[in-house]
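Subject: Structure handover

Hello,

Here is the structure I promised to pass on to you. Please open it alongside this message, and then read on for what turned up.

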Amino acid sequence: MNSPLPSFSLTALLDVSPYLVKGVDAGNGVTLQPGSQYIYILLGSGPLMIIGAFMLIRIMYARVRFFALEYGNGSFFGRVGAIAPSIFAGGLLLLLGLAATWLGWQGMGYSVTLTREGLHEVARGGSFHYAWSDATSAAERIKSTEFWVVFDKDGRKCRVEFQQRYIGEKLQDKAIAIADEALAFSKAERIKPDGGTSTLKP
């Protein structure tokens with residue numbers, strides 16, 4: 001059952017499929033999650049950038065005190081005007097830090113599970129289910145090394161990519177068995193590596 005995902009959810013903003021490198025055996029399917037290395041980098045760098053933004057503005061505001069007094073701009077607004085470029089840089093750093101922290105937090109709660117019933121997407125604040133009839137395109141050939149499938153339903157799109165070098169041979173073979181069987185009866189367009197449409201029939 002679908003629990004509508006917010007419009008600002010992770011996959012609504014960017015394609016996360018290249019970062020879903022952690023595989024888990026879900027019993028009736030294969031679950032992909034963002035790699036821990038990406039989560040740690042985002043959650044570690046985000047707060048540091050936020051702290052750095054405030055420190056930059058605070059240090060520059062303190063340093064400009066005597067300079068501002070010398071030119072008759074010792075008031076609060078005089079100092080602010082003197083460090084306007086630093087305030088702008090600090091603002092950008094703050095936004096980057098907030099974005100990185102938000103992405104890391106979102107990534108911690110994100111996963112997709114491929115089963116014979118379709119794809120189940122779980123994110124912060126909700127979940128969404130795509131049936132195999134919602135698959136719109138897929139790799140020309142479902143290979144042992146890697147393959148991808150795109151699902152589209154009710155204006156939401158989700159791309160999943162299974163890469164053996166990350167999730168291992170056992171999980172890759174399980175995902176291949178599920179996708180091969182399901183795509184045989186799907187109307188999903190098969191796409192060649194160069195982007196052209198394949199003549200391979202579902």
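This is a predicted model: local features need pLDDT of at least 70, side-chain atom pairs count only at pLDDT 80 or more; totals for chains, interfaces and linings use all residues.

Five strands make up an open sheet, ordered 1-2-3-4-5, with antiparallel pairing. Its edges are strand 1 (22-25) and strand 5, each of which pairs on one side only. On average, neighbouring strands of this sheet are turned by 20° against each other, direction ignored. Helix 6 (residues 169-183) packs on the sheet and touches strand 1, strand 2 (29-33) and strand 3; the direction of helix 6 makes about 120° with that of strand 2.

Two hairpins are worth a look. Strand 3 (residues 111-115) and strand 4 (residues 118-123) pair over five bridges, and they form a hairpin with two residues between them. In this pairing Thr115 has Gly118 as its bridge partner, while Val112 stands opposite Glu121. Strand 4 also pairs with strand 5 (residues 126-131), in the antiparallel sense and over six bridges. That hairpin too has two residues between the strands, and Gly125 takes a positive phi near 95° there. On the strand 5 side, Glu121 is partnered by Phe128.

Now the salt bridges, of which the structure holds five. Which residue forms a salt bridge with Glu121? The partner is Arg156, with the closest N and O atoms 3.6 Å apart. Arg156 lies in strand 8 (residues 156-163) and Glu121 in strand 4, so this pair ties together parts 35 residues apart in sequence. Glu121 is buried, because its relative accessible area is 0%, and Arg156 is buried as well, at 12%.

Another pair is Arg116 and Glu181, whose side chains meet at 3.2 Å, N to O. Since Arg116 sits in the loop between strand 3 and strand 4 and Glu181 in helix 6, the pair ties together parts that are 65 residues apart in sequence. Arg116 is partly exposed at 46% relative accessible area, and Glu181 is partly exposed at 42%.

Arg165 and Glu146 also meet in a salt bridge (3.8 Å, N to O). It links helix 5 (residues 164-167), which holds Arg165, to strand 7 (residues 146-153), which holds Glu146. Arg165 is exposed at 58%, whereas Glu146 is partly exposed at 31%.

Finally, the surface: Phe88, Leu92, Leu95 and Leu98 make a nonpolar patch of about 430 Å². Phe88 belongs to helix 4 (residues 84-108) and is exposed, with a relative accessible area of 59%.

Best wishes

How values were computed: Residues are numbered from 1 along each chain as its sequence is written. Side-chain values use heavy atoms; hydrogens and water are left out. Two strands pair if DSSP finds at least two bridges between them. Helices (H or I, at least four residues) and strands (E, at least two) are DSSP runs, numbered from the N terminus. Patches are made of residues with over 30% relative accessible area and no salt bridge: like charges are joined within 9 Å, nonpolar side chains (Val, Leu, Ile, Met, Phe, Trp, Tyr) within 5 Å. Accessible areas come from the Shrake-Rupley method with a 1.4 Å probe; for residues, only the protein chains shown count as cover. A salt bridge is a side-chain nitrogen of Lys or Arg within 4 Å of a carboxyl oxygen of Asp or Glu. Buried means under 20% relative accessible area, exposed over 50%, partly exposed in between (1.4 Å probe, protein chains only). Axes are lines fitted to C-alpha atoms, for helices over the stretch in contact, and angles run from 0 to 180 degrees between N-to-C directions. Contact means heavy atoms within 4.5 Å.
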